[in-house]
Amino acid sequence: CARAIYGASEQAITEAVSLRQDIREAFFQNRKDWNLDQAYAHFVERKTSIVTMEEKSYPYLLKNIPDAPYALYYRGTLPGEKERCVCMVGARRPSGYGEREAHDISYMLSRSGYSVVSGMALGIDGISHRGALDAGGRTYAFLGCGADVCYPKRHRSLYDAIVEHGAVLSEYPPGSPPVPEHFPARNRLISGISMQTVVIEARTKSGSLITADFALEQGRDVYALPGRITDPLSQGTNRLIAQGATPILSKEGLLSDLSELPEAMMLPDEFCAGEKMRLEKEELLVYSCFDFYAKSIAEVREECDMPLSDLLSVVMRLCAYGVVRECFKNYYIRTR
């Protein structure tokens, strides 16, 4: 745990952890210079809370992504154990069509019991947060700076409302400024805490597509709002659809799809405890190749060295059993 690491001797850390010499020496020096009481006082002054992976309140879905941060800093209230979060991202400068759909979809999700997650950026992010708030729902924002830093500054009133009806979260310590390289990295947290990712308008080189990529790697379903082929703001979302993302053809259809999510994706392990299933030898071999992040059929075939027709047959059986599901075209993930 963190306390054991902080109190361990230099020799014990050197023997137990493989770190570059410069990183190891910087850690030892910072530990000597660090005033714990002063740091705690600064932390309290910033009115920021912290949760670590060792605590049950750490968001369950986020804990299971490959590169989840050990600690999260936040202001507000963390999502509940069974809270269902949906990520909504999109263009910084959306069209009127994108603005309307982002607000209406977010509003609908909130009225239907979902919480909306985004990055509090200008454009679709901010509109999605406001749609959830207008519906009286909960919403969460992951920042590319400290959780006590409002960025962009013009979203001050939105920031305060999110803290009141959800939380602003960050993997960066309080007081950390908004640095450009922080923002692509925080996108993995926006998708990681969510069961699905919805993309509302995106250009071909949009940061929203980074979030969609993270969602795919994490085994989450991706939805995209289609648009005119001549509209630059729809080129990114239309390409996602061509690659296998589910098009949003109606709000009612989207809501219906979301409600079909397997229970095993929503509940912590203890809720599924005791549920056992016997698999045949080939089924067990293929099942062992899948993980809690998405894998393609091609990747699994390389691992298990099985004819493609036989592999597809086994995968279909595993899907029927409910232990594997297709989260993106030809990409699958374990559900338990």
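What share of the contacts in the protein chain with a separation of 6 or more comes from residues 24 or more positions apart? In this predicted model, such residues account for 71% of those contacts. The paragraphs below go from the whole chain to its strands, its backbone, its charged pairs and a patch on its surface.

The protein chain contains 17 helices and 12 strands. Its radius of gyration is 21 Å, close to the 20 Å that the globule rule gives for 336 residues, so the chain is as compact as a globular protein of that length. Of the 336 residues, 47% are buried. The chain exposes about 17,200 Å², and carbon and sulfur atoms supply 51% of that area.

Strands of a sheet pair through backbone hydrogen bonds, in either a parallel or an antiparallel way. Strand β6, residues 166-170, has partners of both kinds. Strand β2 (residues 71-76) is joined to β6 by four bridges, and these two strands run antiparallel. Within this pairing, G76 has A167 of β6 as its bridge partner. Strand β5 (residues 139-142) is also joined to β6 by four bridges, but here the strands run parallel. T139 has G166 of β6 as its bridge partner.

Is β6 mostly covered or mostly open? It is mostly covered, with five of its five residues buried. The cover applies to both faces: G166, V168 and S170 are buried on one side, and A167 and L169 are buried on the other.

Three strands form an open sheet in the order β10-β12-β11, with antiparallel pairing. β10 (295-296) and β11 (324-328) stand at the edges with a single partner strand each, so one side of each has no neighbour in the sheet. Two bridges join β10 to β12 (residues 331-334). For K295, the bridge partner in β12 is Y332.

Most residues other than glycine have a negative phi, and most peptide bonds are trans. The peptide bond from Y151 to P152, however, is cis, with omega near 0°. P152 lies in the loop between β5 and α8 (156-164). M120 is in the loop between β4 (115-118) and α7 (124-134), while D305 is in the loop between α16 (297-304) and α17 (308-321). Their surroundings can be told apart by accessibility. M120 is buried, with a relative accessible area of 0%, whereas D305 is exposed, with a relative accessible area of 70%.

Side chains of opposite charge can pair when their charged atoms come close. A search of the whole structure finds 11 salt bridges, and three of them are described here. One joins D160 and R156, whose closest N and O atoms are 3.2 Å apart. Because D160 and R156 are four residues apart in helix α8, about one helical turn separates them. D160 is partly exposed at 39% relative accessibility, and R156 is partly exposed at 40%.

Another salt bridge joins E171 and R188, with the closest N and O atoms 2.9 Å apart. This pair links distant parts of the chain: E171 is in the loop between β6 and α9 (182-192), and R188, 17 residues away, is in helix α9. Both E171 and R188 are buried. These two residues also belong to a network of salt bridges that includes D67.

A further salt bridge joins E283 and R317, with the closest N and O atoms 2.8 Å apart. This pair too links distant parts of the chain, with E283 in helix α15 (residues 281-289) and R317 in helix α17, 34 residues apart. E283 is buried, with a relative accessible area of 2%, but R317 is partly exposed at 32% relative accessibility.

Which residues make the nonpolar surface patch of about 310 Å²? The patch is made by Y6, W34 and L36. L36 is found in helix α4 (residues 36-45), and its 46% relative accessibility makes it partly exposed.

Definitions and conventions: Residues numbered from 1 in each chain as written. Predicted model: local features only at pLDDT ≥ 70, side-chain atom pairs only at ≥ 80, totals over all residues. Heavy atoms only, no water. Patch = residues over 30% accessible without salt bridge, like charges linked within 9 Å, V, L, I, M, F, W, Y side chains within 5 Å. Areas by Shrake-Rupley, 256 points an atom, 1.4 Å probe, with all protein chains shown as cover. Salt bridge = Lys/Arg side-chain N within 4 Å of Asp/Glu carboxyl O. Buried < 20%, exposed > 50% of the residue type's maximum accessible area, 1.4 Å probe, protein only. Rg over C-alpha atoms; globule rule 2.2 N^0.38 Å. Contact = heavy atoms within 4.5 Å. Pairing = 2+ DSSP bridges.
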